[in-house]
Amino acid sequence: MKDIIRWPGIVFALIIVCLVYFLLEPLLKLVIEQTGSRTLSTTVTLDTVQIDWSEQSLTLKGLEIADKDNPMTNKVEVDQLALQIDALDALTGHLISEQANILGIQFNTPRSEIGTQDSADKAADKSNNADDKESSPGFDLPGIGLPDIDTLVSKESSLTYKRYQDFRQYLDEAKSNYKTRLAALKDKQKIADYKARFKEIKKAKGFMEILSSASKAKDLKKDIDKDISEASQLNKDFKQTKKEIKRRIAELKKSPQQEADHLLQKVGIENGTQKISQLIFGPEMKAQIKKMKNWINSINDSDENTENINTKAPTPERGKGIFVQFAQKNPLPVVWFKDTVLSGDLSGIGQEFSFKGTATHLTDQQTLSGHPTSLDLNLKSDSVKNAKVNLVLDIRTDQKLSLSFDVKQYRLDQKPLSGNFRIDSALLDTQGNISTINDQLAGEINADLNSVSLKTSGDTFKKYPAIEQALTDENHVTAQIGLDGTIEAPQLDINSNLDSIFNNVLKKVVDAQLTKYKGQVTEKIETMLQQELNSSESSQSDLFAMGDDIAGSEDIFKDLIGKL
Amino acid sequence: MLTILAKFLKFLNSNQNPNQLSLAVCFGLAIGLMPGFSMFLIILLMMVCVIKANLSLFVFIWGLFEAVAYIADPLLHQLGYTLLTAESLQSIWTVLAQSSFWTLTAFNNSLVMGSSVAIITLWLPVYFLVRVLIVTYRQQIQETFKQLKITQLLKGSKFFHTYQSLGN
């Protein structure tokens, strides 16, 4: 044994092991900082790393990840990240933790030293930021700014004109039809032929000729009877047509009034169907959905990046070789925190909340963990009594995101809603569920605003202070918001008590103006119709003039029969 | 350079156990060929510390085989890659891939696999060859070498002084 074992060597090896043990923490700190910085293309720094061998736990303190685009700002800062880890998994590059605590999460905090490595894609990100900063547009109230009559009423879009065109077509067709039928009935050649045949019958002498004439007379009578029947039918049809023309003219005369009603209803004046709540809450809702879209896009981007890294073909370098991958029965994600306690604050991203909560299955590779990531957070701030948010992100097959929230007594102060409205103060109770599958959006939000002080701005209500007054007097606002469509183009269906308040007041306020306007619209349509009817008058007269001829046609054939 | 050569001759001429010298050569070969990112390297280094092998000769041979490894890199990579992608061996590699220990050894790296196979193949032949060479040298060549005229001449040279100084 003495010949084989070098006892001082064992001591030396032990000293090395002890050195590694004591130097492991600074070594690990260096590895995390360097690997993190390389992976995220930005500076990652740590204050300390602590390893507790008995607990198999790793604690990272003062983790700072610099913002690529703003080197003097940390994108994320974490006070303490404590993980219970499997050492063997960790050594093979898998950070798997059954229980983790990520405490003191903050966003966009200032840095003491510059922290950027790569300024790529700055331009793209800047353009995204520019999108975010788009201001909420103002809006016009169509019920108050009544549309220009010439714009509202035009020949091309007029219902009355369309009806007139149908009438004119009917008139022309009837005229042409009766002309043809009358011409066929009163054909001179035919009547002359009847008369000639009658004379020939009368000329018959002798038994045989009289016998033959009787047969000819019978044929002639049959032909004339046929014409009498046609003349009778023509007369009947003509009377019917006359009646129909009169009915259509009467209908046309009523049409301007009907069309005016229809047009006013269409622009949302007559029946109080204006959706003012859509205009008040819509821009803010769309802005929030846009934020969500950007966030989902960022998840997709990081996912694509990961895929790119994985699928990149390895190139053999001298001294490096190629790692050949073999199928694993239970492949593990690189990072997987199964149960995590979270705390932090969102002031860095413009939200006044601090939060505490839990997350399950936090990972970068859900397909490998086999579980969706879920977050349950309690948001706290001076301005909210209670706020719970649950977020489930499932990107195993499709990109599924489900968000539900329940907020009680959230104090809103100076909250801009659209270009024309802002909430001076209110207490908001809201519950909702929003889900997205890939780009499809669905959801429902109920909002109850109590002690509301709603203010309007701009010139929209200058002429109608009563509307402004009615809206500002309302201290309880409810809204049911239905979400549909895509994240790119969300469709919001907002129903609120503000709609009926607004429309009632609007109706009263604009009633007189509305009556006058309606009269003007009707008059405009009537004038247009009258011009057209005048132009069709000669056509009508021509048709009606045929009446005498049609009536007389039957007599002609009856005379012939009488003689026969 | 002279010092290194002198040291080498000193090992050969010393009374040190030929087994220790052979082991030093084998360890030097193994650690020289093994890429730095494999856990095998740490195991081998620990073994060098614990097992009696001539450390100076080990360091000398290590350096020598680092150079050999650099030159033979494409060959070792090709050997490893062929073995790792061989259809008949897939079941074995897949079983090993399930184990964290084997993952740490980076056995699935083409260079580690190629080097490991080269080390395993060369270990015993090199060990016995070196041992035989040392014994033969000491028994037969050493005395004959001393009788040569050139050796007599060299004894008066700077090289011999260097050699002597090592002995002192």
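Residues are numbered from 1 along each chain as its sequence is written, and chains are lettered from A and ligands numbered from 1 in the order in which they are written. Because the model is predicted, local features need pLDDT of at least 70 and side-chain atom pairs count only at pLDDT 80 or more, whereas totals for chains, interfaces and linings use all residues.

Chain A contains eleven helices and 14 strands. Here helices (H or I, at least four residues) and strands (E, at least two) are DSSP runs, numbered from the N terminus. Of the 564 residues in chain A, 21% count as buried. A residue is buried if 20 or more other C-beta atoms lie within 10 Å of its own, exposed if 12 or fewer, and partly exposed in between, with C-beta atoms placed from the backbone. Two residues are in contact if their C-beta atoms, placed from the backbone, lie within 7 Å. Among contacts in chain A between residues at least 6 apart in sequence, 65% link residues at least 24 apart.

Chain B has nine helices and zero strands, and its elements, read from the N terminus, follow the order α-α-α-α-α-α-α-α-α. This chain has 168 residues, of which 30% are buried. For chain B, 83% of the contacts between residues at least 6 apart in sequence join residues at least 24 apart.

In soluble globular proteins, nonpolar side chains tend to be buried together. A nonpolar core is defined as a set of buried Ala, Val, Leu, Ile, Met, Phe, Trp, Tyr and Cys residues joined through C-beta atoms within 7 Å. The largest nonpolar core has 31 residues, and B:Ala24 and B:Phe27 touch the most other members. Helix H2 (18-33), H3, H4 and H7 of chain B each give two or more residues to this core, and H2(B) provides the largest share, ten residues. Leaving aside residues up to four places away in sequence, B:Phe27 touches B:Leu44, B:Val48, B:Ala53 and B:Phe58.

The two chains also meet each other. Their contact takes 24 residues from chain B and 24 residues from chain A. On the side of chain B that touches chain A, at least two residues each come from helix H3 (39-50), helix H4 (55-85), helix H5 (90-97), helix H6 (100-104) and helix H7 (110-147). H4(B) gives the most to this side, with six residues.

Several details of chain A remain. Strand S13 (residues 476-485) and strand S14 (residues 490-496) of chain A run antiparallel and are joined by seven bridges; two strands pair if DSSP finds at least two bridges between them. A hairpin connects S13(A) to S14(A) through four residues, and A:Asp484 stands opposite A:Gln491 in S14(A).

Two residues of chain A other than glycine have a positive phi. A:Gln409, with phi near 50°, is found in strand S10 (residues 400-418), and this residue is partly exposed, with 13 other C-beta atoms within 10 Å. A:Asn438, with a phi of about 55°, lies in the loop between strand S11 (421-437) and strand S12 (440-456). A:Asn438 counts as partly exposed because it has 13 C-beta neighbours inside 10 Å.
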